Amino acid sequence: MGLISFLKEKFSKKKTEDTDSYTEGMAKSRQNFSNKLNSLSKKYKKVNQEYFEELEEILIESDVGVKLTLRIIDEVLEESKKKKISDAEEINEIVIDHMFEGYMEKGDSLTEVRFVNDGPTVLLVVGVNGVGKTTTIAKLAKRYLDKGKSVLLVAADTFRAGATEQLQIWADRLGIELVKGEYNSDPSSVAYDGMAKAKKDNIDLVIVDVSGRLQTKQYLMDELAKLNRVIAKVIPEAPHETFLIIDATTGQNGVVQAKAFAEVTKLTGVVITKMDGTSKGGIILAIRDELGVPVRFIGLGEKMDDLKEFDLESYIYGLCVEK
Amino acid sequence: MAFENLTEKLSRIFKKLRGQARLTESNMDDMLKEIRIALLEADVNYKVVKEFIANIKEKAIGQDVLTKLNPSQMITKIVHDELEELLGGGENEIQYQNNRPTVILLVGLQGSGKTTSAGKLAYLMKNKLHKKVLLAAGDVYRPAAIDQLKQIADSIDVPVFSKGTNVSPVQIAIEAKKEAFNEHYDVLIIDTAGRIAIDEALMNELSEIKKEVSPDEILLLVDAMSGQDAVNVANAFNDLLALTGVIMSKLDGDARGGAALSIRHMTGVPIKFSGIGEKVSDLDIFHADRMADRILGMGDVMTLVEKAQEEIDEKEARRQANKMMSGKFDLDDMLSQMKQVQKMGSLGGLLKLMPGMPKITPEQQAYAEKEMKNFEIIINSMTFEERHNPEIFQYSRKIRVAKGSGKQVSDVNRVLKKYESMKEMMKKMEQYKKSGKLPPGMGGLGGFGGF
């Protein structure tokens with residue numbers, strides 16, 4: 001049984017609140033992807049050269065990337081030949097299988113932050129400018145506050161104008177503390193203060209906001225490496241988690257970003273933001289394919305509770321199943 | 001580098017096709033495939049790529065290969081010219097009004113860089129064009145957006161018109177325009193709120209602002225990293241607001257910025273500016289030829305040259321040149337030369353701009369940059385006399401400097417060795433000067449080589 005039939009059956013029996021968030025948040029993406037795929041199978045009852053050309057277009061327009069797209073198409077071609085399938089609708093299901101099988105095979109599928117048994121758990125949040133990093137930090141903080149954890153925020157983004165202020169507003173709204181430094185001060189010293197405070201106050205989760213940096217800037221990447229060292233000095237083994245925030249509208253540069261960050265810091269997860277836009281989000285497949293890093297959370301709306309644990313099945317269901 | 005240079009790919013394909021004098025359908029196929037992949041990897045929209053490739057094919061088939069070019073160079077040239085033509089064109093300069101403020105409205109999705117670009121535009125107009133600029137803080141939704149604009153504005157000494165977050169953006173725009181007229185500003189730049197995607201509320205607000213203040217320019221911010229969806233976003237904004245231009249932001253990353261091509265092709269809206277760095281001075285007028293190089297992954301020589309010209313302190317350079325020519329050259333001079341180079345940005349960034357330099361790995365780049373820093377630390381640990389008379393260095397002095405700078409004696413030796421070799425180069429230069437010729441590779445940036 002193909003993935004789609006499996007999921008249809010599964011979710012027809014049991015839908016969770018999260019499944020609804022996915023189907024709702026991904027409505028626009030679904031229009032882009034699933035509707036196109038469906039009209040493709042209606043247009044071509046039997047597959048042929050043109051079918052595959054149009055399929056290629058759909059995949060590439062979903063930001064899946066050229067390399068992965070060509071591979072998926074090769075795999076689908078081979079399987080359809082082997083099994084002698086030419087019905088377009090059936091082939092569509094095989095396409096979905098091959099898109100997501102890769103994701104499932106490439107390493108673990110963690111979501112929630114892994115807390116250490118003893119002392120503060122440190123979560124470093126990195127990403128380029130404008131992806132929604134600060135907002136995501138606020139949403140993560142709320143998530144774990146709701147779970148009864150104590151949370152401390154550290155504003156190590158001392159570079160972007162207004163960054164600390166933005167985080168302060170969120171900290172005030174959430175009623176938690178924020179460790180900050182002067183505008184343009186050394187981020188490492190802010191991080192140091194934050195770690196010391198977390199240790200003293202016996203905080204469960206410290207979230208460190210790191211300056212949105214373009215991965216091509218060597219000095220910024222060096223600074224990030226230094227930040228890691230300073231944090232580990234106060235809390236050995238920390239940071240325990242490092243999340244890369246990626247805007248769902250990001251194109252193939254998302255892969256380049258993830259690779260660059262993975263070189264200087266141990267990337268343990270990706271958080272996808274703005275998935276509720278018209279975005280295609282195919283970049284998560286490309287990143288997983290190249291680096292094997294799991295998507296931990298996904299932003300499905302602007303409300304505080306719209307940051308959801310990433311669930312591949314709900315994701316595929318939200319992306320592919322007709323309403 | 002993430003992508004093999006397209007030029008290299010093409011020449012590899014053409015190695016097997018040497019000696020063919022004409023571009024034919026069959027010998028072009030492989031190359032067109034590579035060009036297609038390069039464009040798609042640069043996030044150019046699929047449909048645009050398709051049309052583009054068809055165009056190239058039509059233009060190229062049957063063309064005689066110019067005698068001096070091999071076929072791969074020939075096709076690269078055709079592609080490049082076509083890209084440049086597509087990217088450029090249109091009215092891509094701001095039209096300033098003579099007797100009243102020019103009103104500019106900035107629009108775009110969340111995180112596309114509106115607020116930062118508002119500051120950069122203000123800086124560019126104030127400092128390069130000597131305009132009197134007023135910024136209006138119209139993003140009342142995002143936490144701290146107004147603070148961000150104020151911080152940037154303060155740093156460049158431009159006033160911000162703000163009514164806090166309790167007044168509607170439309171009202172703010174109207175009042176800001178009044179203020180700009182009354183106080184005789186040359187330019188008013190209105191920052192607006194972004195949304196996660198095109199939604200009705202945002203669009204209504206923007207069209208109302210447009211109706212109320214009738215801006216002279218409506219510029220859309222587009223993130224250079226955007227994927228295939230960029231073109232839909234641009235279309236939606238353009239349909240509603242009739243955009244007058246696009247600003248590409250975040251081109252200082254390594255995103256190839258294919259969205260620029262897609263948007264230009266699909267909407268016809270000209271690209272007017274590009275954001276090329278984090279500093280407020282890092283906004284540049286859009287150059288179609290350079291963008292064409294970038295999308296193809298071919299380096300950007302012109303930007304390098306201009307950057308070097310702008311950043312190098314002319315006076316300091318002349319002082320040094322005179323000193324070099326007189327044959328006097330000490331460690332202080334070496335250090336200030338190194339600093340001049342650093343001013344132009346990271347060495348890696350510079351090298352990336354140069355074609356034919358892809359062989360330098362990021363590790364090597366980082367090493368070179370670290371080495372420069374070490375040199376500075378070591379030289380700063382020397383006494384005045386030592387810096388001006390490096391010949392007096394003996395072992396005991398080296399040990400002291402090594403200790404003072406927290407380095408090894410071998411590091412100090414490396415500095416001195418570098419100094420010797422640069423001095424040697426200066427000497428040669430002097431000889432060449434006497435003979436009236438410059439040694440190869442010593443023009444312009446001479447002396448910086450070797451780092």
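Chain B has 19 helices and 8 strands. Helices here are DSSP runs of H or I with at least four residues, strands are runs of E with at least two, and both are numbered from the N terminus. This is a predicted model, so local features need pLDDT of at least 70, side-chain atom pairs count only at pLDDT 80 or more, and totals for chains, interfaces and linings use all residues. Residues are numbered from 1 along each chain as its sequence is written, while chains are lettered from A and ligands numbered from 1 in the order in which they are written.

**Chain B**

Buried residues make up 41% of the 451 residues in chain B. A residue is buried if 20 or more other C-beta atoms lie within 10 Å of its own, exposed if 12 or fewer, and partly exposed in between; the C-beta atoms are placed from the backbone. Next come contacts. Two residues are in contact if their C-beta atoms, placed from the backbone, lie within 7 Å. Take the contacts in chain B with a separation of 6 or more: residues 24 or more positions apart account for 75% of them.

How many of the 10 residues of H10(B) are buried? The count is 7, so H10(B) is largely enclosed by the rest of the structure. Among the buried residues are B:Gly258, B:Leu261 and B:Arg264. After H10(B) comes B:Gly268, with a positive phi near 75 degrees.

The phi of B:Lys250 is positive, near 60 degrees, although the residue is not glycine. B:Lys250 is buried, with 29 other C-beta atoms within 10 Å.

**The sheet of chain A**

In chain A, 8 strands form an open sheet with mixed pairing. The order is S3-S2-S4-S1-S5-S6-S7-S8. Strand S3 (177-179) and strand S8 (307-309) of chain A stand at the edges, each with a single partner strand, so one side of each has no neighbour in the sheet. From one strand to the next, the twist averages 25 degrees.

Two strands pair if DSSP finds at least two bridges between them. Strands of a sheet pair through backbone hydrogen bonds, either parallel or antiparallel. One pair is S6 (269-273) and S7 (295-299) of chain A, which run in the parallel sense over 3 bridges. There, A:Val270 has A:Val295 in S7(A) as its bridge partner.

Helix H7 (133-146) of chain A lies across several strands, including S1 (121-126) and S2 (151-156). H7(A) runs at about 175 degrees to S4(A).

Two packed helices are described by the angle between their axes and the distance between the axes. Axes are lines fitted to C-alpha atoms, for helices over the stretch in contact, and angles run from 0 to 180 degrees between N-to-C directions.

**Two loops of chain A**

Where is A:Asn202? A:Asn202 sits in the loop between helix H9 (187-201) and strand S4 (205-210) of chain A. Its phi is positive, about 55 degrees, though A:Asn202 is not a glycine. A:Asn202 counts as exposed, with 9 C-beta neighbours inside 10 Å.

The peptide bond from A:Ala238 to A:Pro239 is cis, with omega near -5 degrees.

**Where the chains touch**

38 residues of chain A are in contact with 37 residues of chain B. On the chain A side, H8(A) gives the largest share, 4 residues.
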